[in-house]
Amino acid sequence: MKVYKPGFIGCGNMASAIIGGIKQAGITELYVFDKDMEKCRAFDGATICKSVDDVVKSADIIFLCVKPNILPEVLKEITVEGKAFVSIAAGITVEKIRELLRPAARIMRIMPNTPLLVGKGAICIQMPTDLSEGEQIFIEEIFSAIGIVEHVGGNLMDSVTGVSGSGPAYVYMFIDALAKAGAKHGLPEDVSLRLAVQTFEGACEMLKQTGDTPSQLIHNVCSPGGTTIEAMKIFDMNETRGIIEWAVDACVAKSKELSK
Ligand SMILES: NC(=O)C1=CN([C@@H]2O[C@H](COP(=O)(O)OP(=O)(O)OC[C@H]3O[C@@H](n4cnc5c(N)ncnc54)[C@H](O)[C@@H]3O)[C@@H](O)[C@H]2O)C=CC1
Ligand SMILES: O=C(O)[C@@H]1CCC=N1
């Protein structure tokens, strides 16, 4: 694999996770800039740059890790031509980034999620990208060290945001509600939370290891005349699946709105 020098503009949560992947891939030379210098100092061995343009000059591939509303002002500061950029900003299209960057810039858009921080991210790369084959292989190596990597066309990036980008929040809400319901029925809160978390983890592992569909696995838990079926009836009566679909619709719609 050809090795490139990565650079980071914005060193918050997501950048920290990606830098973790870079270190696991054995890459030690990297450049960072954050307007909050304390954030930069958290990365041992990274070269702290003085400005946005300084990172772009020093690095080969620059990860754009600022919030979407900050991205336009950051891109306008860039004067160096011909570099490769990887944007993780939700709802900002490649076309929009291209408009704001110097003409010869090459762009890849990806959508990660926060479990990247614990090596369990879901990362989706928009295809095709402007990056060279070598640069793409390098990026995939970094992200494979901290999660799974999928590829979709640009028209589906908002859908990816609705499922995996924002998805961790939906899962935390379900776990929180399950744990609190257990506590209502007398379980100590910490015990209930650990049981709920392990139930999620175990259920996910079952999906991965058995290759069964979610419907098949639901069927296996629901004994006829048993307990689970009573809970499932309440979910169905209250159209829980419809509510999840509605929530994802709202998330995807917001991502599309941000893209305009
Ligand atoms: N948090 C999440 O679940 C996900 C976030 N994203 C995207 O990741 C990007 C970063 O999000 P987080 O890491 O969560 O945000 P964060 O707030 O943790 O990090 C952003 C960093 O940018 C720095 N910054 C602000 N203005 C700057 C400037 N002018 N120049 C340089 N640095 C500047 C801030 O000091 C901060 O350290 C966003 O675009 C978001 O859409 C994508 C997928 C999931
Ligand atoms: O809520 C947001 O805008 C970001 C993008 C995906 C997850 N968090």
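How far apart do the end C-alpha atoms of residues 155-258 lie, and what share of the span is helix and what share strand? I'm keeping in mind that this is a predicted model. I looked it up: the ends are 14 Å apart by C-alpha, with 83% of residues 155-258 in helix and 0% in strand.

**Entry: domain records.** I checked where that span comes from. UniProt lists residues 155-258 as "domain: Pyrroline-5-carboxylate reductase dimerisation", in an unreviewed entry. For residues 7-91, UniProt (again an unreviewed entry) has "domain: Pyrroline-5-carboxylate reductase catalytic N-terminal". I ran the composition of residues 7-91 too and got 35% helix and 19% strand, with 22 Å between the end C-alpha atoms.

**Entry: ligand 2.** This one was a quick list: Ala-90, Thr-161, Gly-165 and Ser-166 are the residues around ligand 2. I count that shell by class as one nonpolar, three polar and no charged residues.

**Entry: α7 on α12.** I went on to α7 (residues 157-165) and α12 (residues 240-259), whose axes are 8 Å apart at an angle of about 140°. That angle makes α7 oblique to α12. I noted the crossing as right-handed. On the α7 side the contact uses Asp-158, Ser-159, Thr-161, Gly-162 and Val-163; on the α12 side I have Val-248, Cys-251, Val-252, Ser-255, Lys-256 and Ser-259. By class, this contact has four nonpolar, five polar and two charged residues.

**Entry: α8 on α9.** Last pair: α8 (residues 167-184) and α9 (residues 189-210) cross at roughly 135°, and their axes come within 8 Å. So α8 is oblique to α9. I logged this crossing as right-handed. From α8 I wrote down Val-171, Ile-175, Leu-178, Ala-179, Gly-182 and Ala-183, which meet Glu-189, Ser-192, Leu-193, Leu-195, Ala-196, Val-197 and Phe-200 of α9. The residues of this contact split into 10 nonpolar, two polar and one charged.

Definitions and conventions: Residues are numbered from 1 along each chain as its sequence is written. Chains are lettered from A and ligands numbered from 1 in the order in which they are written. This is a predicted model: local features need pLDDT of at least 70, side-chain atom pairs count only at pLDDT 80 or more; totals for chains, interfaces and linings use all residues. Axes are lines fitted to C-alpha atoms, for helices over the stretch in contact, and angles run from 0 to 180 degrees between N-to-C directions. Helices (H or I, at least four residues) and strands (E, at least two) are DSSP runs, numbered from the N terminus. Angles under 35 degrees count as roughly parallel, over 145 as roughly antiparallel, 65 to 115 as roughly perpendicular and the rest as oblique. A crossing is left-handed if the near helix is turned anticlockwise from the far one by less than a right angle, and right-handed if clockwise. Two residues are in contact if their C-beta atoms, placed from the backbone, lie within 7 Å. Ala, Val, Leu, Ile, Met, Phe, Trp, Tyr, Cys and Pro count as nonpolar, Asp, Glu, Lys and Arg as charged, and the others, Gly among them, as polar. UniProt positions are given in the numbering used here, feature names are shortened, and annotations may be inferred rather than shown by experiment. A residue is near a molecule or strand if its C-beta atom, placed from the backbone, lies within 6 Å of it.
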